[in-house]
Amino acid sequence: RAKAEGRARVEIFDQSLHVDARRRLTLESELRNALKKKEFVLHYQPIISLGSRAMTGFEALVRWQKSDGQIIPPSDFIPLAEETGLIVFIGSWVLEQSLKTLARWQQEFPRAEPLSMSVNVSPRQFHQTEFVEQVINAVTASGVPPQTLRLEITESVTIQNAQHAVGILQRLREFGVRVSIDDFGTGYSSLSYLHQLPFDTLKIDRSFVSALQSRSDGGQIVQTILDLAKNLNLDVVAEGTESEDHVKILHQMGCGYAQGYFFSRPLNETAVVEMLSAKDTAVEALPPLLANG
Ligand code: C2E
Ligand code: MG
Ligand code: MG
Ligand code: MG
């Protein structure tokens, strides 16, 4: 009996593997098609300076907008895109598109400190041989000052091959582009060589920000990260800032920048332009702290 059960289990297992493999194949060909048909769109989430309470720039976040209007979040297709290598094409589209948009916004809404654009870079994209060249070409073609592009990479990217990563980061920095470490605290904390990596900004993962709620032990971790960042001379952006309490605590703790639903969800281009055009007059439509600097 045990044998029969065992066989049944094996069959079920095989079947689910089969279904899984089929689903992946379908998704992969759908993704290839999406690239051809240009079904990707970018949404942009404001990043706010907690000192001046002004928007300093945006993070570009990709979505897949299917022909039927359905919007697929990145968590549903980025992992497979990364596995299959399609991420390299998606990533270069995101880079070029977001820089073109940034160039328009910088022209239309000039400031002493020009608006910036943060762009996520996947491990595969980062380690690809032409990556630095691609970044330089895209920035040059768009005409934006290199300092206004911020590439976001996660800790895991630098852990896989630290020497290689340092080399790429240095070339990017020489060109003038800024680099942020994304989702900080969720990977293997590479504390031992963090100081050797030429980052400009550290983004505290939202899991630590949501733990700020009321309990003080949540605050300890954030404070420790802020101290570390200060010692390493890094700017800090808190991700997932969802409440006024978060904002107050973060500001008190000395965190410079924040991003999150409290200020704004990621917006489409039209909504961003509306917000940037609003100047002081229409700010009341936005959360109290979101002023248009
Ligand atoms: P991420 O880079 O850490 O981006 C922040 C994510 O947190 C975004 O999710 C954003 O919508 C969400 N978020 C922002 N504020 C809040 C908040 O207050 N509360 C909560 N609960 N969530 C908030 P999204 O757009 O779904 O993107 C998820 C991840 O997908 C990104 O995490 C990034 O790792 C990846 N991703 C997005 N766009 C790209 C891209 O163009 N290329 C690559 N390689 N990865 C991307
Ligand atoms: Mg990011
Ligand atoms: Mg992040
Ligand atoms: Mg995150």
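Trainee: Is Asp182 buried or exposed?

Mentor: At 5% relative accessibility, Asp182 counts as buried; buried means under 20% relative accessible area, exposed over 50%, and partly exposed in between (1.4 Å probe, protein chains only). Please note that this is a predicted model, in which local features need pLDDT of at least 70 and side-chain atom pairs count only at pLDDT 80 or more, while totals for chains, interfaces and linings use all residues. Residues are numbered from 1 along each chain as its sequence is written, chains are lettered from A and ligands numbered from 1 in the order in which they are written, and side-chain values use heavy atoms, with hydrogens and water left out.

Trainee: Which residues are the protein donors of the magnesium ion (ligand 3)?

Mentor: They are Asp182 (OD), Asp183 (OD) and Glu239 (OE), lying 1.8 to 2.4 Å from the ion. Donors are N, O and S atoms within 2.8 Å of the metal (3.2 Å for Na, K and Ca), and since water is not among the atoms, sites may look incomplete. The sequence spacing of these donor residues is D-D-x55-E.

Trainee: And where do Asp182 and Glu239 lie in the chain?

Mentor: Asp182 is in strand S6 (residues 178–184), and Glu239 is in the loop between strand S8 (235–238) and helix H11 (244–253), so the pair links distant parts of the chain, 57 residues apart. Helices (H or I, at least four residues) and strands (E, at least two) are DSSP runs, numbered from the N terminus. Glu239 is buried, with a relative accessible area of 11%.

Trainee: Which ions does Asp182 bridge?

Mentor: Asp182 bridges the magnesium ion (ligand 3) and the magnesium ion (ligand 2), which lie 3.5 Å apart.

Trainee: Changing topic: how many salt bridges does the structure hold?

Mentor: There are 9 salt bridges, each being a side-chain nitrogen of Lys or Arg within 4 Å of a carboxyl oxygen of Asp or Glu. One of them joins the side chains of Arg23 and Asp20 (3.6 Å, N to O).

Trainee: Why are Arg23 and Asp20 separated by about one helical turn?

Mentor: Because they are 3 residues apart in helix H1 (residues 2–36). Arg23 is exposed at 53% relative accessibility, whereas Asp20 is partly exposed at 35%.

Trainee: Which residue does Arg24 meet in a salt bridge?

Mentor: Its partner is Glu83, at 2.8 Å, N to O. Glu83 lies in helix H2 (residues 78–84) and Arg24 in helix H1, so the pair ties together parts that are 59 residues apart in sequence.

Trainee: Now the strands. How many residues of S2 are buried?

Mentor: In S2, 9 of the 11 residues are buried, so the strand is largely enclosed by the rest of the structure. Strand S1 (residues 40–49) runs antiparallel to S2, joined by 9 bridges; two strands pair if DSSP finds at least two bridges between them. S2 is also joined to strand S4 (residues 116–120) by 4 bridges, and these two run parallel. With S3, S2 pairs in the antiparallel sense over 2 bridges.

Trainee: Which residue takes a positive phi in the hairpin of S1 and S2?

Mentor: That is Arg53, with phi near 60 degrees, in a hairpin that has 5 residues between the strands. In the hairpin of S2 and S3, Gly69 takes a positive phi near 95 degrees.
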